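Take a walk through this model, one part at a time. Keep the sequence and the 3D view side by side as you read.

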Amino acid sequence: MTDDETIVAIATANGIGSISIIRVSGKDALPIALKLSKKKDLQPRLATLSSIYNSKNEVIDEALLIYFKNPFSFTGEDIVEFQCHGGIAISNIIMSEVIKYGARVAQPGEFSKRAFINGKIDLTKAEAIAKIIEARSEDAVKLLARQLKGELTDFVNDIREDLLFMLAYTEVSIDYAEDDLPDDIFEQIENKLDKIKIKLNDTLNASKRREGLIEGFKVAIVGKPNVGKSSLLNKLLNFDRAIISDIAGTTRDTIEESVKIGTHIIKIVDTAGIREASDVIEQIGIEKSIEAINEADIVISLFDNSKELDAEDEKILKLLKENDDKEIIKVLNKTDLESKFDKTKLDDFIELSTKQTINPLVFKVESLLDLNTHSDDMTLISTRQVDSVEQTLFHINESSMPLQTGELEFFAHHITEALENISNITRPYENDQMLDVMFGSFCLGK
Ligand SMILES: Nc1nc2c(ncn2[C@@H]2O[C@H](COP(=O)(O)OP(=O)(O)OP(=O)(O)O)[C@@H](O)[C@H]2O)c(=O)[nH]1
Ligand SMILES: [Mg+2]
């Protein structure tokens with residue numbers, strides 16, 4: 001397969017809608033469109049209404065045709081878009097006619113890959129496009145739109161410029177007498193390096209905090225049996241999803257559902273009550289509860305106001321201490337009943353009754369999610385980007401010792417590595433395989 005082949009794909013979702021868009025990109029896009037429409041020419045960027053004919057000269061639909069002349073198109077090649085009547089059959093017929101005239105079906109992500117190869121978009125933009133299509137919440141869309149606008153590209157370019165400056169001065173001092181250089185040049189370099197380190201560390205931390213933003217943050221509800229975990233889940237969902245009963249050990253398996261809190265879509269997990277298991281199945285359920293804590297961004301830990309704090313509660317508190325890297329919200333439930341619980345063991349907690357209102361908890365969860373979401377810090381959106389930033393930071397850290405001891409060749413080596421790694425975020429050096437993997441994860445027609 002060569003890149004001078006003309007490709008075609010249905011760009012709209014596979015289903016019935018008012019219109020479907022079939023996109024053709026490559027050098028034959030215009031000749032193919034002219035054959036299908038029997039037009040002599042198409043004016044770039046002008047929507048032209050035309051009958052569409054198949055190769056047997058039969059009219060198959062009426063469609064709007066838009067021609068984007070290269071390089072002013074998404075891929076940088078000639079593109080023709082057919083906006084035909086929505087429907088699976090008609091879009092497929094037009095696509096197969098396009099193929100009869102010499103185009104081939106595009107691979108997933110191939111339009112974006114061509115856009116990248118032709119310099120129309122960099123990798124940060126390509127990744128943002130792929131993710132914005134799948135984004136499920138307003139916050140995720142906003143975050144991805146920032147990357148689409150080029151925020152990460154600018155961030156990378158600033159760091160690249162600084163590193164190039166250091167490299168240039170280092171090469172000069174290796175090759176020539178130091179007399180011509182400013183006296184404080186190494187001080188300047190150290191200052192710049194310190195600033196870059198802070199920027200990269202802040203970015204990694206912000207990205208970690210917001211990891212769940214695109215996929216949905218995970219919130220686990222845990223506690224010993226019968227404290228009201230499933231009652232809380234049902235109340236959050238506003239319908240009776242889980243079975244509730246006063247028999248301890250009612251929930252045997254984890255239950256996962258999506259729910260909207262404020263502007264956030266979260267995955268909420270109800271778990272089996274944690275205690276000494278009475279059978280093998282319960283034991284498996286409890287192990288899954290502990291796994292849910294490990295995977296959660298926020299853990300809601302429930303306690304029963306109407307019972308005395310016991311060894312099972314103590315065990316939960318110990319488990320929470322072992323997971324203090326997470327956001328933990330302790331909730332004392334059943335406040336409609338007489339209190340027997342020793343509240344001094346909980347320090348910070350929210351009191352409520354799932355029989356009444358859970359609003360105080362909802363507000364708390366929302367404010368934690370807001371805190372993790374609404375920030376001006378640069379956020380990375382893929383493990384590929386995170387790996388590159390970590391590698392850049394590693395080499396910058398490694399460069400400080402040789403800079404201090406005056407081993408400038410070593411210093412230059414690490415700065416070159418850092419430069420290569422940070423550049424990989426937007427435009428990697430030769431790495432076809434990586435590109436195939438990345439664009440292969442796109443949806444068809446993009
Ligand atoms: N009075 C009162 N009862 C409640 C409250 N919340 C839950 N309950 C009751 O407590 C019992 C246990 O509730 P569940 O939601 O099934 O408890 P759970 O934590 O999911 O229990 P397991 O699934 O067994 O681990 C049920 O009888 C609920 O009706 C509350 O705020 N007040
Ligand atoms: Mg339950």
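Predicted model: local features only at pLDDT ≥ 70, side-chain atom pairs only at ≥ 80, totals over all residues.

Ile-19 stands opposite His-85 in strand 5. Strand 2 covers residues 19-25, and strand 5 covers residues 79-85. The two run antiparallel and are joined over 7 bridges.

Now step back to the sheet around them.

Turn to the metal. The magnesium ion (ligand 2) is coordinated by two side-chain atoms, OG of Ser-230 and OG1 of Thr-251, at 2.0 Å. Ser-230 lies in helix 9 (residues 229-237). Thr-251 sits in the loop between helix 9 and strand 8 (255-261). The pair therefore ties together parts that are 21 residues apart in sequence. Are these two residues buried or exposed? The cut-off for buried is under 20% relative accessible area. Ser-230 has 8% relative accessibility, so it counts as buried. Thr-251 has 14%, so Thr-251 counts as buried too.

Aromatic rings come next. A pair of such rings is described by the distance of the centres and the angle of the planes. The structure holds 2 aromatic pairs. One of them joins Phe-303 and Phe-341. Their centres are 5.8 Å apart, with 55° between the planes. This pair is tilted. It links distant parts of the chain, 38 residues apart. Phe-303 belongs to strand 10 (residues 298-304). Phe-341 is in the loop between strand 11 (327-333) and strand 12 (350-351). Both Phe-303 and Phe-341 are buried.

Finally, look for charged side chains over ring faces. Arg-23 lies over the face of Phe-111, at 4.9 Å from the ring centre. Lys-192 lies over the face of Phe-165, and here the distance to the ring centre is 4.8 Å.

Note on methods. Residues numbered from 1 in each chain as written. Chains lettered and ligands numbered in written order. Heavy atoms only, no water. Phe/Tyr/Trp six-rings, centres within 6.5 Å; stacked < 30°, edge-to-face > 60°. Helix = DSSP H or I, 4+ residues; strand = E, 2+ residues; numbered from the N terminus. Buried < 20%, exposed > 50% of the residue type's maximum accessible area, 1.4 Å probe, protein only. Lys NZ or Arg CZ within 6 Å of the ring centre and 35° of its normal. Donors = N, O, S within 2.8 Å, 3.2 Å for Na, K, Ca; no water. Pairing = 2+ DSSP bridges.
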